[in-house]
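Hi everyone, thanks for coming.

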Amino acid sequence: MGLDVLIFDVDGTLADTERDGHRLAFNRAFAEAGLDWNWDEALYGKLLKVTGGKERMLYYLDEFNRDFKRPADVAGFVAGLHQAKTQHYARMMEEGAIPLRPGVKRLLLEARAAGLRLAIATTTTPLNVTTLLDATLGPAGKAWFEVIAAGDVVPAKKPAPDIYSYAMAQMGVTPEVCMAFEDSDNGVRSVLASGIKSLVVTVNAYTQGQDFSGASLVLDQLGEPEAHCQALFGEAPRDGYLDVAGLRALHARQGG
Ligand code: XBP
Ligand code: MG
C-alpha cells in the first residue's frame, strides 16, 4: 500500500519547545504559586523521561523532591499548577517565542500539495498545539491537520501507542499507509507499538543519543535546500533535505 498519511509529534519534532518553552512555563507557574522548585536545563532533561506535564510533576516529586510536603489532594494541586503552566506556555507561543524546526513548514506545504493527509499525535495539551500552529503557520494552519490528537484525549500517554492508534482511528486508516515523525525514544516506542513501521526521527539536544531502534531514518533535522541535513542512521536524503519523493521511497522500502 502506498503512503497516504503523515502523523507528526509536536514537542521536539515540529518545534524545539522543551528547553525554552515548556521548561520556562513550568518554572513561571512554580514561582507564581510561591514554590521554590526550579527546573534547570539538566534536571529538565531527566524529567523528560516522563511525558505529559502533570505526570512529569508527579515524577519530579517522587524522584527529585521527596521532602516536599504534599497537600492531601496532590492530583488537584498538580492539575492547578498545570493549568497555570499552560496559560504561560500559550502566551509564550502567541508571542512567537519558538519557531518551527528547519524544513518543517517546507515539508508540510509540499505534502499538502501532493495530496498527503496530515495529522498530529502528541502528549501535550491541545491549546499548546494550536497556539504554536497559529503563531508559526498563521490562523489557517490548524486546518492543515485532519486530526489533532493531543493530551488527555487518551488515558495512557507515550510511550503507549494510544495517541497514534486514536489518530488513525479518527482518520479511518491503518498503520500501513502511515508515516510518523518523532524526536524521542518515548515517541519511537509509541509509534512502533501502534503498528506504524515507517518512522523518521529528527533528534534535538535533549534526545540525541537515545535509542531509536526500529526507526526508518534518523536525521539531525529535516533539512532545507540551503541547509542540508545529516543522517545519523539510514540513507541521507539525496538532495540534502527530506521531501515527499524521499518519504515515498522510504515508505516503499519499509514495506508500509
Ligand atoms: C511532549 C511532552 C509534553 C510537554 C508538556 O512529549 O512530554 O508533556 O513537555 O506538555 P511528546 P503538557 O513530544 O513525546 O508528545 O504540560 O501540556 O502536558
Ligand atoms: Mg516529542
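So, ligand 1 has 18 residues around it, and the closest are Gly53, Arg56, His82, Lys85 and Thr125. Keep in mind that this is a predicted model.

What kinds of residues make up that shell? Going by class, there are 10 polar, 6 charged and 2 nonpolar ones. As for where they come from, helix 1 (18–32), helix 3 (53–63) and helix 4 (74–94) each put in at least two residues. Helix 1 gives the most to this shell, with 3 residues.

Okay, now zoom in on some polar contacts. With Asn128 we switch to the side chain, where a polar atom is 3.0 Å from an oxygen atom of ligand 1. And how much of the ligand does the protein bury? On its own, ligand 1 would expose 450 Å², and the protein buries 98% of that.

Let's step back and look at the space around it. Ligand 1 sits in the largest pocket, which holds about 530 Å³ of space. That pocket is lined by 36 residues, and Glu18, Leu48, Thr51, Arg56 and Thr123 are the closest to its centre.

Which helix gives the most here? For the lining of the largest pocket, that's helix 8, with 4 residues, whereas for the shell around the ligand it was helix 1. By class, this lining has 18 polar, 15 charged and 3 nonpolar residues.

Last stop: the second largest pocket, with about 260 Å³ of space. Its lining has 14 residues, and Ala236, Pro237, Arg238, Gly246 and Ala249 lie nearest the centre. Helix 9, residues 244–254, gives the most to this lining, with 5 residues. Check out the classes too: 8 nonpolar, 5 charged and 1 polar.

That's my tour, so let's go to your questions.

Technical notes. Residues are numbered from 1 along each chain as its sequence is written. Chains are lettered from A and ligands numbered from 1 in the order in which they are written. This is a predicted model: local features need pLDDT of at least 70, side-chain atom pairs count only at pLDDT 80 or more; totals for chains, interfaces and linings use all residues. Side-chain values use heavy atoms; hydrogens and water are left out. A residue is near a molecule or strand if one of its heavy atoms lies within 4 Å of it. A polar contact is a pair of N or O atoms within 3.5 Å; within protein, one must be able to donate a hydrogen and the other to accept it, and residues adjacent in sequence count only if both atoms are side-chain atoms. Accessible areas come from the Shrake-Rupley method with a 1.4 Å probe; for residues, only the protein chains shown count as cover. On a 1 Å grid over the protein atoms alone, a cavity is a set of points where a 1.4 Å probe fits but cannot get out, and a pocket is an open set with protein on both sides within 12 Å along at least five of seven lines; lining residues have an atom within 4 Å of a point. A molecule sits in a cavity or pocket if more than half of its atoms lie within 2 Å of its grid points. Ala, Val, Leu, Ile, Met, Phe, Trp, Tyr, Cys and Pro count as nonpolar, Asp, Glu, Lys and Arg as charged, and the others, Gly among them, as polar. Grid points are joined across faces, edges and corners, and a volume is the space filled by probe spheres set on the points.
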